[in-house]
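Dear colleague,

Here is the structure for your files. My notes on it follow below.

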Amino acid sequence: MYNFTDNTVRKLKNAVSFAFSTLFLPALAGAFTGVWVCIYKVISNIIIKKSHEIYIFAEKNLLNITLACAIAALLALITVYILKRSPSAKGGGIPTAIAALRGFISIKWFRDLICVLFSSLITYFVGVPLGNEGPSVQMGSCIGMGCAEMSGKKHKALKRYIMTGGASAGFAVATGAPVSGIFFALEEAHRRFTPMIVLSSSVSVVSGFFIASALSNALGISISGFSLEAQAVLGINMFWIPVLMGICAGISNILILFSYKILKKFSNKLVDFPFTLRIIFIFILTVLIGMLSYNFTGSGHDVVEKIFTGSIVWYMLIIIFAVRCVMTLFSSISGVTGGLFLPTILFGALSASLCAKCIIASGAINQEYYTAMIVIGIAAFLGSAFKTPITAVIFAIEVFGGLNNSMFIVLGVYTSYFILETAGFASINDIVIEHKIGKLRKGKSCRIVEVKCKVLPGSFVSGKEARDILWPASCLVLSVIHPDGTNIRKPLGDGDEILMHIETYDMDSIIEELNNLMGEQSLLELKDKILQKSTEE
């Protein structure tokens, strides 16, 4: 009989633990997210259609308009009640999810899951111009956190990895772009490529997208975001087209980001204006604007479809862009639940359509290339708006079928990205995250300390390189000293001492995270080191 040595047993345990953390839990989070988001999309689509029907009915006479405004005010009160119970449900879903994945903010997964669901559905019913992909990502991160917490205390170190998997699955199912969902985790959520992030996000996306696809087939609906016909392939002599589309996208992005700053300053001046009245104002204003044209309200999916057909005249493109820009940004700043990703696609389509119509009207190119130019423009807008050029290129290929024009899409994205970088603008998500974190940290003091922690046997970080670990957001690894006294870079091992620089507004949560990663250490001893360092400073 084969005798298992202690080393063999330890390797088997590590293998089981690795499979559990990188396969089972991410697959479970992805599966739950796939079911949840698929059903959520079905419900939200039904609500959006009913909302459109109500708008058509309400615009017939003044009495109906008054009744619609009264209902909007009532729904605003319900939304305020929900958002006060769950502050994390306020604003854009993707920035909130990213802030949680990076460790900047903490969330309560079940409360936020339910509150985001209902508050976003109310948003769609009223017609506030926000999308459903943001809440899908946020709810996916909540489901991932729930799966991690229910797996037991010893797997707490996996929480942000499993949350990342759930968020990626939510993005993939909401947009119908699985590969983009994986790159969302790498390029947007964490802006780093590590084996654990790749594995957790990939497994979750595959699991969630497979389940969602099967469920969609059973319900007889499509999981894809847009349905386009084959696009004309641009010739090599048309390289100037993506350059122009990229310039147009870059300038449009600057206008939107500049508008965001102005609206943010205006919103800051309204700090004494009650939150309840602000939401009521946005809801009623949405109803009144929707009476003028439904193109001004809703997620914007139908408007994008119209743009691809070229059925919207040029001056309406400008009006829709201006009205939606103000409404979308002000709604997000004020805390209305919803996503910014689909509105960003719409802004890209609007600016691209206007540019394409000008080029075609000049006689420089035929009408057959119109759709291809829109796809390039959308990709260029996404790449610069979110500072995710790789994800934008992949998304355009996956969702809009731009494979044959991939070289031109890359050129358009690069041009737009270059303009935003030169202008010195941050991504829209980073700006929203900074705004959200600033509100949470208002009135709190920051502590800057240095602590030395030890890697304990069997801890999560053991066997992994320091650069691959999702450390707490406020922690910077200064040095790693191995038991033999060397500080050469190699995987962390038992007994390694890690010197960290910490800047935080919540030291207790940092200590808890570090213990989850490196093993339970004496909190008293660790706090003493922190207090001693703080006193010395």
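A search of the whole structure finds 10 salt bridges, each being a side-chain nitrogen of Lys or Arg within 4 Å of a carboxyl oxygen of Asp or Glu. This is a predicted model, in which local features need pLDDT of at least 70 and side-chain atom pairs count only at pLDDT 80 or more, while totals for chains, interfaces and linings use all residues. Residues are numbered from 1 along each chain as its sequence is written, and side-chain values use heavy atoms, with hydrogens and water left out.

One of the salt bridges joins Lys-156 to Glu-512 at 3.8 Å, N to O. Lys-156 sits in the loop between helix 5 (133–150) and helix 6 (159–175) and Glu-512 in helix 18 (residues 507–518), so the pair ties together parts 356 residues apart in sequence. Helices here are DSSP runs (H or I, at least four residues), numbered from the N terminus. Lys-156 is partly exposed, at 34% relative accessible area, and Glu-512 is also partly exposed, at 42%.

Glu-513 and Arg-160 form another salt bridge, with the closest N and O atoms 3.5 Å apart. This pair links helix 18, which holds Glu-513, with helix 6, which holds Arg-160, across 353 residues. Glu-513 counts as partly exposed at 22% relative accessibility, whereas Arg-160 counts as buried at 9%. Buried means under 20% relative accessible area, exposed over 50%, and partly exposed in between (1.4 Å probe, protein chains only).

Arg-111 pairs with Asp-112 in a salt bridge at 3.1 Å between the closest N and O atoms. Asp-112 is buried, with a relative accessible area of 0%. Arg-102, Glu-188, Arg-191 and Asp-430 are linked in a network of salt bridges.

Regards

Methods. Helices (H or I, at least four residues) and strands (E, at least two) are DSSP runs, numbered from the N terminus.
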